[in-house]
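Biologist: Can you put the model up? I have a few things to ask about it.

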Amino acid sequence: MAHTPSRRALLTGFAASPILTAFGAGGLAKDAGVERRPPTSGGRLVGAAVRMDQIEADAALRRTLLSDCASVTPEIHMKWDALQPAADTWRTGPADALVGFADRHGLLVRGHTLLWDQSTPAWARERMLETRDRSVLDRYFDAVLGRYDTVGEWDVVNEPIDTENGARDGLRANTFLRSYGRGYIDHALRRARQAAPRARLMINDFSFDYDNPVEARRRAALLRLIERLRSDGAPLDGIGVQAHLDLSKGPLRPEILQPFLREIAGFGLSIAITELDVKEDDLTVSIVERDQRVADEVRRYLDIVLDEPAVQGVTTWGLSDAHSWLRDPGAEGLALNRGLPYDADLRPKPMHAAIRRSLTA
Ligand code: XIL
């Protein structure tokens, strides 16, 4: 298979840890498209979300990605509105280029994402709501999963949980629920399995990390959803925990997070940390202090979650603060959020060291 992390990706950067080199000896690294079992015993995959235009324009960013990461997630190019902005218009260029880049360099690809309300193009939304015809979704799945058939892992459904807005069962009242009913998740997983029998299929969601009532309800709703999918025999292989950390949300607690991850693992699922970054809450203190707070949060988080053997890897949602989605596009200088491993000039920050330390601990 093309998707074998190169020796280089495994032996440099984060991957220099014994854990990751051990991982290189077997499991997913050898046969990403074929092996559906999660690589839980050896090491963990390190990855980052990127955009093709950014890595094309910046050789240093490219080098950083290749030296740190064994896996890559397209930040935007594999979303439905990016791939098929109109019913008769496909724009696969950036996603094709990113997958080609990954193949050439032996990076694994996390396919992100097939169904996300926010990235569903208006034409598809209207058609689904009007016709309730599953073939809209089916045709899209078949096309995308067929085209990107080397992608070993897919976020099939992104952000299906919403406990706060009156949605049934804690499910988000998104276009898919409104069009097809709560069975849309089962259907999506089955269709994905049919179109990509060798890929590992995930549900990916956010706000499970902190000790507050909303996140407690979200954790419970996710576990209920998993239980239902399991008893219905839906082909689900794992859960993506986005991990957009937030310094305003109070301390991370192992006694909250670990049992939650244990329960997911207890269903026989693997877990990926898929979108790690840190939202700061005080931009007025010194840069040194800010970077330390971010790194401390990441270290604490990873030390807690990596204790769970089912956690297969960690992807940061970008590499450089310059590209962070948390950045206010109008903001300059100090207002830049510093929640990624590299600063805007691509100098590694304490968060980078924190990730490496946690992974090798
Ligand atoms: C974000 C991207 O980072 C932005 O560039 C884009 O404009 C919107 O989407 N949860 C997800 C990701 O699953 O796909 C989102 O990515 C961030 C939140």
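Biologist: Thr92 first: buried or exposed?

Modeller: Thr92 counts as buried because its relative accessibility is 14%; buried means under 20% relative accessible area, exposed over 50%, partly exposed in between, with a 1.4 Å probe and protein chains only. This is a predicted model, where local features need pLDDT of at least 70, side-chain atom pairs count only at pLDDT 80 or more, and totals for chains, interfaces and linings use all residues. Residues are numbered from 1 along each chain as its sequence is written, and side-chain values use heavy atoms, with hydrogens and water left out.

Biologist: What does the side chain of Thr92 make a polar contact with?

Modeller: The side chain of Arg147, at 3.2 Å. A polar contact is a pair of N or O atoms within 3.5 Å; within protein, one must be able to donate a hydrogen and the other to accept it, and residues adjacent in sequence count only if both atoms are side-chain atoms.

Biologist: Now Glu297. Buried or exposed?

Modeller: Glu297 counts as buried, because its relative accessibility is 3%. Its side chain makes polar contacts with the side chains of Tyr210 (2.6 Å) and Arg300 (2.9 Å).

Biologist: Switching to the ligand. Which polar side-chain atoms lie 2.7 Å from a ligand oxygen?

Modeller: One of His112 and one of Glu275. For Trp317, a polar side-chain atom lies 2.9 Å from an oxygen atom of the ligand.

Biologist: How much of the ligand's accessible area does the protein cover?

Modeller: The protein covers 78% of the 410 Å² that the ligand has on its own, by the Shrake-Rupley method with a 1.4 Å probe.
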